[in-house]
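Open the model in your viewer with the whole chain on display, and follow the stops below in order, making each selection before reading on.

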Amino acid sequence: MGRIYDATWGRAFAALYDRSLKGTEEAGLGEMRRELLADAEGRTIEMGAGTGVNLDLYPDAVTELVLCEPDPHMARRLRGHLAEAGRRATVAEEPAERLPFPDDSFDTAICTLVLCTIPDPAAALAELARVLRPGGRMLFIEHVRSEDPGTARWQDRLERPWRFLGKGCHCNRDTLATIASSPLEPDAAEHDRMPKAPPIVRPLIRGSAVLPTR
Ligand SMILES: C[S@@+](CC[C@H](N)C(=O)[O-])C[C@H]1O[C@@H](n2cnc3c(N)ncnc32)[C@H](O)[C@@H]1O
């Protein structure tokens, strides 16, 4: 989107992000994040880490953490959160579609509420598969296109205004299908609901996908 949109709404979106999700986090999303991240291990990369909502939830089994966040307003808050938490991590202000890391260099990749926003999720998943080692896992929580045709129709109708308000978030993506057609194989995926969220972003998938060994 445009430069003025990025400079004004982009800045406000980053500033309001944690507050706008607070009720949802407290009503259950925070617990889902905790359960998901408990399985992270080794060298770990998070895509679109935002303000760093996941930071405090990484287990000790994570030996090194790389946070990819291309939005400068989000990245500034992420660095602030890192400093407050006294946590060591590398912030890469790069899009997930173009990761500046070698092949097979991570054990775990994290995607939470990000494949809805990344402009080219198929390219991002291909890139994520490139940097994951064979047998490595992607752990995800993503809001997705509804399985209910009526809700899906509303997601299609409201996609444009929601995308404007949500700083590029598409509420109607069939993300599980995108994961299934990527080099990763979903090995556990559960349909759930995002608590205390508007109906068009309530349908949720959470689980993991593995990069098959060659
Ligand atoms: C809805 S926020 C989610 C933030 C965080 N992952 C969470 O769980 O709360 C979406 C994030 O994706 C980031 N993003 C947008 N385009 C991206 C891209 N091409 N690659 C990686 N991240 C991107 C945005 O800057 C934003 O921080």
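Predicted model: local features only at pLDDT ≥ 70, side-chain atom pairs only at ≥ 80, totals over all residues.

Helices, as named in this tour, are DSSP runs of H or I with at least four residues, while strands are runs of E with at least two, and both are numbered from the N terminus.

**The whole chain**

Begin with a cartoon of the protein chain, in which you can look for six helices and seven strands. Followed along the sequence, these elements come in the order α-β-β-α-β-β-α-β-α-α-α-β-β. The radius of gyration of the chain is 16 Å, close to the 17 Å that the globule rule gives for 214 residues, so the chain is as compact as a globular protein of that length.

Of the 214 residues, 50% count as buried. Among the contacts with a separation of 6 or more, 70% are made by residues 24 or more positions apart.

**Helix H3**

Select residues 121-131, which form helix H3, and show the side chains of its buried residues, namely Pro121, Ala124, Leu125, Glu127, Leu128, Ala129 and Val131.

Terms used:
Residues numbered from 1 in each chain as written. Heavy atoms only, no water. Rg over C-alpha atoms; globule rule 2.2 N^0.38 Å. Buried < 20%, exposed > 50% of the residue type's maximum accessible area, 1.4 Å probe, protein only. Contact = heavy atoms within 4.5 Å.
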